[in-house]
Amino acid sequence: MRFTETELNGAWLIEALPISDERGSFARTFCAAEYTEHGLETNFVQHSVSHSVKKHTLRGLHFQSALHAEVKVVSCIGGAILDVIVDLRPNSPTYRRWTACELTASNNRRLYIPKGFAHGFQTLTEDAVVAYLISEFYNPQASTGVRWNDPAFAIAWPAEPTVLSEKDQAWPLLDKLPA
């Protein structure tokens with residue numbers, strides 16, 4: 001695997017390096033030893049999958065509050081997405097900054113998202129399937145988010161969302177989040 005730190009402190013792009021032969025290919029997508037070597041979380045208590053039917057569906061920006069903050073490793077196993085993360089750690093040198101990367105079923109990339117980041121994505125194809133490794137159990141009382149179009153971030157989404165849940169439309173702006 002190849003580990004490349006993004007411009008956001010603690011967030012990594014992880015690429016599987018497939019070995020190919022006449023049968024096809026084989027690639028390691030997770031290795032506790034290699035994650036540990038880079039100082040990354042290795043204990044993932046939840047593995048989840050989301051399926052978005054329509055192109056330009058937007059999900060996010062989600063996170064769990066501090067006591068239940070989670071590390072996520074996100075990959076796209078069907079179709080393609082633009083995966084977006086925002087650093088919400090007030091003491092971080094990259095606070096309020098965002099980055100995005102294209103994850104597809106064929107590019108073998110995963111995005112490692114540290115605790116304290118909001119996460120969301122927009123589908124670039126129909127029938128996009130996203131897989132998550134998550135370090136903490138889901139806690140509905142800790143589930144929160146910030147608005148996908150918050151001017152504090154000015155995220156350059158590829159298109160206006162075709163599908164956006166009521167919950168995602170209603171998240172507060174960053175400046176309105178409870179302290």
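**Figure 1. I19 and its contacts.** Leaving out neighbours within four places in sequence, I19 touches G24, S25 and F26. Keep in mind while looking at this and the other views that the model is predicted. I19 sits in strand 3, which runs over residues 19-21. Is I19 buried or exposed? Its relative accessibility is 61%, so I19 goes down as exposed, since the label applies to anything over 50%.

**Figure 2. The whole chain, for orientation.** Here we step back before zooming in again. The chain holds two helices and 14 strands. Its radius of gyration comes out at 16 Å, close to the 16 Å that the globule rule gives for 179 residues, so the chain is as compact as a globular protein of that length. Along the principal axes, the C-alpha atoms fill a box of roughly 55 × 35 × 30 Å. Of the 179 residues, 46% are buried. If you take the contacts between residues at least 6 apart in sequence, 77% of them join residues at least 24 apart.

**Figure 3. T144 and the residues around it.** T144 belongs to strand 13, residues 143-145. Which residues does T144 touch, once those up to four places away in sequence are set aside? The list reads L61, H62, F63, S65, W171 and L177. T144 has 19% relative accessibility and so counts as buried; the cut-off for that label is under 20%.

Figure 4. Side chains of opposite charge can pair when their charged atoms come close. How many salt bridges turn up in a search of the whole structure? Six, and one of them joins the side chains of R28 and E34, with 3.1 Å from N to O. R28 is partly exposed, at 43% relative accessibility. E34, at 16%, counts as buried.

**Figure 5. The salt bridge of K72 and E70.** In this view the side chains of K72 and E70 meet, with an N to O distance of 3.7 Å. Are the two partners buried or exposed? K72 has a relative accessibility of 9%, so K72 counts as buried. E70 comes in at 13% and therefore also counts as buried.

**Figure 6. The salt bridge of R96 and D175.** The side chains of R96 and D175 form a salt bridge at 2.6 Å, N to O. Where in the chain do the partners sit? R96 lies in the loop between strand 8 (80-87) and strand 9 (98-104), while D175 is in the segment after helix 2 (166-170). The pair links distant parts of the chain, 79 residues apart. As for accessibility, R96 is at 31% and counts as partly exposed, whereas D175 is at 58% and counts as exposed.

Definitions and conventions: Residues are numbered from 1 along each chain as its sequence is written. This is a predicted model: local features need pLDDT of at least 70, side-chain atom pairs count only at pLDDT 80 or more; totals for chains, interfaces and linings use all residues. Side-chain values use heavy atoms; hydrogens and water are left out. Helices (H or I, at least four residues) and strands (E, at least two) are DSSP runs, numbered from the N terminus. The radius of gyration is taken over C-alpha atoms; the globule rule is 2.2 Å times the number of residues to the power 0.38. Buried means under 20% relative accessible area, exposed over 50%, partly exposed in between (1.4 Å probe, protein chains only). Contact means heavy atoms within 4.5 Å. A salt bridge is a side-chain nitrogen of Lys or Arg within 4 Å of a carboxyl oxygen of Asp or Glu.
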